[in-house]
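Here are a few friendly notes to read alongside the model. Please keep the sequence and the 3D view open as you go through the points.

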Amino acid sequence: MSNNLIERYLYAVTKEVPQKIRADVEKELHGLIMDMAEERAAGGEPSEEMFLGILEELGPPSKMAEQYQPESQRLIISMPYYADYIFILKIVSACVGGSAVLTWMVNFILGTDMTGNIASWIAAEMWNLLAEVFIALCVGFAVVTLLFVFLQRRGVALRLRGNIPISDLPPVPDEKAVIKRSDKITAIILSILFTIIFLWLPERIGFVRADGEVEYIFNTAGVRSYWYLLILAVTLVVAESGFAIYEGRYTKRYALISTIANILSYTAVCIFFMRGEIFNTGVLGKVAEVMNRSTDMQLFLKYRLPVLFLGLIGVCMLIECGFNVWKAFRYDKIETGGE
Amino acid sequence: MGEKNIIESLEQELRRGTIVLCVLSQMKEPKYGYSLVQALAEKGIDIEANTLYPLMRRLESQGLLESSWETDGSKPRKYYKMTVFGRGVYEELRENWQKMTSNMEQLWEGEGDE
């Protein structure tokens with residue numbers, strides 16, 4: 001029975017050690033157990049309890065086997081791979097999570113059938129969104145993890161982030177140069193929410209006339225036929241905000257990227273709102289009627305309202321770009337001077 | 001974590017750092033695993049077999065030790081001995097250890113003056 005116990009112990013250990021050293025480890029550990037038993041029995045016959053005590057002293061087979069693993073293979077992903085693993089995992093999670101949201105948005109807009117119970121329909125759509133994001137994140141996590149397990153096992157050298165020379169280390173940012181994460185996260189959430197709501201229920205946006213009738217501003221079919229322009233704009237906003245979070249402070253690089261993203265997203269929004277098909281026929285004239293009774297002003301608003309609206313957004317966009325550039329030139333002197 | 005646990009954990013770290021030096025110091029003559037456990041125990045160094053055996057294999061893979069099976073006796077035994085490379089490494093480690101202990105002594109002497 002003691003032999004059985006020893007055999008079972010050795011089997012449990014060796015099945016977890018690399019194949020090429022199994023036989024050697026088995027023979028060596030067997031010798032060790034016999035040596036320990038011989039010493040404890042002091043010339044007598046070792047008892048079963050004695051063998052059991054020896055094996056307990058040697059510890060659980062899995063722990064013993066772990067000691068025989070090469071240092072680098074004791075953890076699935078260990079240093080120096082771990083830091084790169086986390087770095088890539090964050091990027092991949094953001095990409096696949098973002099793609100899942102966009103895919104859902106496109107499907108949502110193109111495949112919307114709003115008949116039936118609206119509450120259960122909303123619940124189903126939200127559930128779809130969560131499921132798509134969850135599945136995408138799981139797949140991203142699994143692929144990146146498997147890739148890094150493979151790279152570590154193969155000992156492939158990685159130089160993903162490189163080592164920054166000490167002299168080129170970025171300066172500690174001035175408190176005023178720091179971009180608030182909360183602002184950018186809010187911008188991401190609001191822009192996504194706005195786009196979803198706008199594309200989902202464009203026909204619900206309207207105003208009540210003096211006589212009590214409701215005028216709806218947008219034409220659902222028209223709005224949804226140009227969905228890609230709004231998706232492009234929101235994608236650019238999310239990308240710009242994401243980069244701001246990554247950068248963490250106002251830099252010239254951020255100023256450049258945010259300016260390009262803002263101009264492109266603004267252009268997409270302009271093209272969208274300049275499409276006459278997105279508005280209900282004659283609604284702009286009715287807006288003008290409600291806002292002002294003067295005929296000249298009515299005409300002005302009727303034809304110029306979208307331009308005014310876009311002009312206002314454009315001014316805000318220019319102020320933001322100018323602010324980013326000013327902050328960059330004010331606070332990003334040391335790093336760019338070294339580049 | 002209590003004081004006792006902290007001390008135990010720090011002591012374990014100290015020991016871990018000295019194990020290789022302890023093992024190499026005993027490997028001028030060929031030894032099999034358990035005889036090394038006993039030799040070290042006699043000198044007051046208790047190293048568990050489940051730590052020592054894998055360690056010797058690691059030192060062998062690093063080229064500091066070499067091994068051979070002796071099958072003449074009643075039980076087959078794997079004997080390890082230090083290689084020429086291992087001896088060089090050991091000598092250097094020992095010198096470093098002596099410097100470290102001497103520096104530590106100086107630190108403690110200074111501590112006494114305060």
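1. Over all chains, the structure holds 12 salt bridges, a salt bridge being a side-chain nitrogen of Lys or Arg within 4 Å of a carboxyl oxygen of Asp or Glu. One of them is the meeting of the side chains of B:Arg57 and A:Glu28, at 3.2 Å from N to O. B:Arg57 lies in helix 3 of chain B and A:Glu28 in helix 2 of chain A, so this pair joins two chains. Side chains of opposite charge can pair when their charged atoms come close.

2. A word on the source: this is a predicted model, where local features need pLDDT of at least 70 and side-chain atom pairs count only at pLDDT 80 or more, while totals for chains, interfaces and linings use all residues. Residues are numbered from 1 along each chain as its sequence is written, chains are lettered from A and ligands numbered from 1 in the order in which they are written, and side-chain values use heavy atoms, with hydrogens and water left out.

3. How many salt bridges cross the interface of chain A and chain B? The rule finds four. Among the salt bridges you can look up A:Asp35 with B:Arg77, whose side chains meet at 2.3 Å, N to O.

4. Now the side of chain A that touches chain B. Helix 2 (22-41), helix 3 (48-58) and helix 4 (61-68) of chain A each supply at least two of its residues; helices here are DSSP runs of H or I, at least four residues, numbered from the N terminus. Helix 2 of chain A gives the most, with 10 residues.

5. In total, 18 residues of chain A are in contact (heavy atoms within 4.5 Å) with 14 residues of chain B. The two chains bury about 1600 Å² between them, 54% of it on carbon and sulfur atoms; this is the accessible area (1.4 Å probe) lost on putting them together, summed over both.

6. Finally, look inside chain B. The axes of helix 1 (residues 3-25) and helix 3 (residues 49-61) come within 11 Å and cross at roughly 75 degrees. These two helices of chain B are therefore roughly perpendicular to each other, a label for angles of 65 to 115 degrees.

How values were computed:
Axes fitted to C-alpha atoms, helices over the stretch in contact; angles between N-to-C directions. Parallel < 35°, antiparallel > 145°, perpendicular 65-115°, else oblique.
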